[in-house]
Amino acid sequence: AAARWPMRPTRWSPAWHWYGGPAALRGEYPRSSGGGGGAAAAARARLDQAAWQLTGSWVLTGEDASYRGLKPDHPFAPGSGDWGAFELVARYGRLDIDPAAFPLFANPSASARRASAWTLGLNWYLTGNLKLVANYSHADFAGGAPGGDREDEKTFFTRAQLSF
């Protein structure tokens, strides 16, 4: 039977977190289903997408990891030898695109079927309100280029975050 249009999208994203002393683990598994469509009435299908990610961290300076953020025991004050708190972070994640999306809704020569990425980072909590972040990420792809896989992406980025 032909699907009625528009199809009602469904999205859900179960997530969990665990904190124990300086260690933390977090995970998520988002899924979405919904109508893909184009100008032509025949170009309609229900597409299912899935992704997941797992993140682990360790506070090197011994403070407790927390859902509410990290508060350094000794905020940054270089004159007194206090440097705040440091946290190592690692993450791995993957996104899978429904094969039914190709080639009608996405061009397999330009859009990847799957992306996987890992990230390593260092967070520096100078105070309870100021955090500096440095991350290196590597992503690889299945498909997404003419005749094969899209080239891997390697990125390094930094961020300053002020919270109040």
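The peptide bond from Phe-102 to Pro-103 is cis, with omega near -5°. I note that this is a predicted model, in which local features need pLDDT of at least 70 and side-chain atom pairs count only at pLDDT 80 or more, while totals for chains, interfaces and linings use all residues. Residues are numbered from 1 along each chain as its sequence is written, and side-chain values use heavy atoms, with hydrogens and water left out.

**Fold.** I then went through the secondary structure, and the chain has ten strands and zero helices, a helix being a DSSP run of H or I with at least four residues. Of the 164 residues, 28% count as buried, that is, under 20% relative accessible area, with exposed meaning over 50% and partly exposed in between (1.4 Å probe, protein chains only).

**Largest pocket.** Next I looked up the largest pocket, which holds about 560 Å³ of space; a pocket here is an open set of points on a 1 Å grid where a 1.4 Å probe fits, with protein on both sides within 12 Å along at least five of seven lines, and lining residues have an atom within 4 Å of a point. The volume is the space filled by probe spheres set on the points, which are joined across faces, edges and corners. Its lining has 30 residues, and Arg-26, Glu-87, Asn-123, Tyr-125 and Lys-131 lie nearest the centre. Among the elements giving two or more residues to this lining are strand 3 (23–28), strand 6 (85–96) and strand 8 (130–145).

**Salt bridges.** I looked for pairs in which a side-chain nitrogen of Lys or Arg lies within 4 Å of a carboxyl oxygen of Asp or Glu, and the count comes to two salt bridges. Side chains of opposite charge can pair when their charged atoms come close. Arg-94 pairs with Asp-96, the closest N and O atoms being 3.1 Å apart, and Arg-150 pairs with Glu-153, where the corresponding distance is 2.4 Å. Arg-94 counts as partly exposed because its relative accessible area is 30%, and Asp-96 is partly exposed at 27%. In the other pair, Arg-150 is partly exposed with a relative accessible area of 34%, and Glu-153 is partly exposed at 33%.
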